[in-house]
Amino acid sequence: MLFKKKHLCAAILSVLSASVAAQTETNETKNEQMLEEMVVLSKKTSFANNNTAETMIDQQSTMTSVLAVVDNLPGVLISEGDAFGGDDWSTTISIRGFQVSLDEQQIGMTVDGIPNGGSNYGGGSKANRFIDTENLGTVEVSQGTADIASRSHEALGGTLNFISNDPQDDERMRFSISQGDHQGQKLFVRYDTGTFANGTKAYISLSSADGKSWIDESGESTRDHLALKVINSGEKLTVTGYLSYDDTEEDNYQRVSLAEFEQNPEWDRLTGEWTGIPMIDQSYRRGWSTLRENTLGYVKLDWDLDSVQINTTAYYHHNTGRGDWVPQYIADVTDDGAGNPESELTSGNTVYGGASLGSYTYVSREGMQLTPGTGCASLSFPYGGTSNDDPSTADVDESSGLAQDPACFPADAVPVGSYRHTHYGMDRYGLTADGSWTHSLAGGENTLRGGIWYEDRNREEFRNWHKVLDSRVGYHYDATPYWVQYDREYPTDTFMYYIEDSFTAGIATVRLGGKQWFVETTRNDNFGGADATVNSDSDLLPHAGVQLQLTDNLEAFSGYAENYAAIKDAVLETSQDSDSIRAETAENFDIGLRYTSSRFDATITLYSTDFKDRLTYIPAGGVDGVDYLGELDGVYTNVGGIESSGAEVSATVYVNDNVKVYSSYTYNDATYKDGFVFGSAVIPEGNTVFGSAEEMFVLSLDWQKGNYGAGFSNKYVGARWMDPQNTQRIDAYNVADVYAAVTADLGGDVFKGMEIRMVVNNLFDEQYIGGVAGGWGGWIGADRTASVNLTLDF
């Protein structure tokens, strides 16, 4: 059954019966209401861009993350582990082949123009950590060259700017209840003060959400979110303050190989039951977890001095979190001597730093290491199971060998294992400032603008190994670690400036500018190890563009920009030579047409990108197992470049006052322009970039009449390669979403309005691989998921 929530249905029926008379009156007055013209707007700029329409938000559940609402825009592909976006580990974003995933962070992301602090898993924070879906206004998407003022270390291939909505002009209290499949539920409340005290208005909201993993419901995702926004609008000065707090705990999904997907497309090879066998229980889903807390606050000042505009923002971001795994062994970090009990098994014997001397998986009742027998391999899961390798040469970190197998030890042997925590923390202080001056010049209008961005960021990372209290029983662990593997800080100083001049005369607008970055990152080892510093200052990066207003409805545009991404501090997490790592750069070129009218809007863009010094993260967790002892869950390396070109088309047709049709088409040809070595494989020039879809097509239909609304959307994603060798081809897929809603504007003194909305994601229960990472695997797309929401306004 798609959906079964008896208590919510009862609440809906109660509200409907209480307000039927008011709804009837409202329907009579609104029967001829036109479909709201919440279109996919493109700013009149010299680069490709789109804004999300309100109907794109309608197509998603209120429990869904804000990332999902941009998926139907041209050039954009969003993949999350489940329909509600409840797992950062499995979240991937692609724009024109540029990626945000475990592998790469190549797309800029901002919240109300504030940089998000990075999008990587290890301490980064995507926009869904800062905005609730109910508080989202729109998302500005720049697919390629982007605005020169965009502020991100990662904006090689476009930017996503998530904009929170403003407080209401009138006082309002809103309650929202959502429930869905896989025990999904969300409670949301928001109070808007209305306008008071000479142009001040504010809101405060609170939400709490949780749900089970769609695969066997063995994992859980919980999220609590608080947001506060205040705006004071004066004659010349507008002051905006924003504060958000987000606390999440997410059990992860795991990637599968193409062969595993074809064998069973409904299981990601994580388990829901504890077996008491550490080799198997390293795949226990509740032990694959992401815990994060994020607090972001800013104060923004906007001066409107007629021909001069000045904007300044000061912000602070605090992040703390943890990533969990359940290694199937104890790391031997103290030489206790042959025949003596292992000290790692006694609580309180914490070792700080150093290296592992080896590992062990089974001990005697007295706590002494046991040696496995020979020729006794019996396990086939996970990562291929155990083998009859010589135990003296078996690599337990690659999850093979007799030392992992209970059949190789006496019946009274005690299994032992670890609970590994990688702790992340970050504090950022920043300041942005922008100014523009518009004036007459040589018979035209000239605008000179410029700005700066300064940020002081300090990221901390340390890793603790805890003994599982009793591996025969469950994954509960000793709160005191037996080993703190490392403890480091990564301070980063960023300064960016830009300047641009834009001149308009007749039908033409020409802009020319440049920006430059100065970034220094340091590694400070708190255990006295070697420190390191890497500078990734950029050259002056040109930005240029032309707009031609050919008619009242038709505009031509063209833009060029050199984009840049600073060397990530994760490069300093290993002993690899950071001097050999180069900052990534990308040359982006757009050319296109925009047409707007009362009944038809359309944009077509042709683009070309030359991506140089691609920095790739090759993560752990491959088909051969996880290297839990690795201080970095993978390695970074420059792997040549990428050339991509393509076309993006989007159009909106207003069939009549009630029906709107939206469609977008993307063609993207992304290939490696240089051969490179990937693991043990040599990737030849000309191979298609793995994970990039050559074609995507969206068709969306929305209907609204009076108090009723409904919509259907389908997205086609073409075939992709799972690996850079181009040997594993992922099939194309279609995912359809549908929604229906009824709204009542009751206009009472107390009860002002209500809405009931039902959403079904993946309507036809398509089985497919969504996000791809690591060059070997991908995450299974979520199954059909239904949800219903009741919103009441007072």
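This is a predicted model: local features need pLDDT of at least 70, side-chain atom pairs count only at pLDDT 80 or more; totals for chains, interfaces and linings use all residues.
**Bridges, strands and a disulfide: a short tour**

Residues are numbered from 1 along each chain as its sequence is written, and side-chain values use heavy atoms, with hydrogens and water left out.

Back to Arg757. Which side chain does Arg757 meet in a salt bridge? The partner is Asp58, at 3.7 Å from N to O. A salt bridge is a side-chain nitrogen of Lys or Arg within 4 Å of a carboxyl oxygen of Asp or Glu. Asp58 sits in helix H2 (residues 54-58) and Arg757 in strand E41 (residues 753-761), so this pair links distant parts of the chain, 699 residues apart. Helices (H or I, at least four residues) and strands (E, at least two) are DSSP runs, numbered from the N terminus. Asp58 counts as buried too, because its relative accessible area is 17%.

Let's stay with salt bridges for a moment. The count for this model comes to 38. One of them joins the side chains of Glu250 and Arg129, at 2.9 Å from N to O. Glu250 lies in strand E13 (residues 237-251), while Arg129 lies in the loop between strand E6 (114-115) and strand E7 (136-142), so the pair ties together parts that are 121 residues apart in sequence. Are these two residues buried or exposed? Glu250 is buried, with a relative accessible area of 3%, and Arg129 is buried at 3% relative accessibility.

Now look at Arg472 and Asp470, whose side chains form a salt bridge at 2.9 Å, N to O. Arg472 has 46% relative accessibility, so this residue counts as partly exposed. Asp470 is partly exposed as well, at 25%. Salt bridges can also share partners: Asp132, Glu134, Lys186, Arg223 and Asp246 are joined into one network that way.

Next, the cysteines. A disulfide is a covalent bond between the sulfur atoms of two cysteines. The rule used here asks for a pair of cysteine sulfur atoms within 2.5 Å. How many disulfides does that rule give? The count is one. Cys376 is joined to Cys408, with 1.9 Å from S to S. The link is right-handed, with 120 degrees about the S-S bond. Cys376 and Cys408 are each in the loop between strand E19 (362-363) and strand E20 (414-415), 32 residues apart, and the pair links distant parts of the chain. Both cysteines are buried.

Here is a serine to find on your screen. Ser787 is in strand E44 (residues 785-793), and at 2% relative accessibility this serine counts as buried. The side chain of Ser787 makes a polar contact with the side chain of Ser61, at 3.2 Å. A polar contact is a pair of N or O atoms within 3.5 Å; within protein, one must be able to donate a hydrogen and the other to accept it, and residues adjacent in sequence count only if both atoms are side-chain atoms.

Let's finish with strands. Two strands pair if DSSP finds at least two bridges between them. Strands E2, E3 and E4 form an open sheet in the order E2-E3-E4, with antiparallel pairing. Strand E2 (76-79) and strand E4 (98-100) stand at the edges, each with a single partner strand, so one side of each is left without a neighbour in the sheet. E2 is joined to strand E3 (residues 92-95) by four bridges, and Leu77 stands opposite Ser94 in E3.

Strand E23 (residues 483-505) has several neighbours to show you. Strand E17 (residues 351-352) runs parallel to E23, joined by two bridges, and Val351 stands opposite Trp483. Strand E22 (residues 444-467) runs antiparallel to E23, with 21 bridges, and here Asp456 stands opposite Asp493. Strand E24 (residues 508-525) is also antiparallel to E23, with 16 bridges; Glu500 has Gly513 in E24 as its bridge partner. What do E23 and E24 form? They form a hairpin with two residues between them, and Gly506 in the turn has a positive phi of about 65 degrees.

Notes: Buried means under 20% relative accessible area, exposed over 50%, partly exposed in between (1.4 Å probe, protein chains only).
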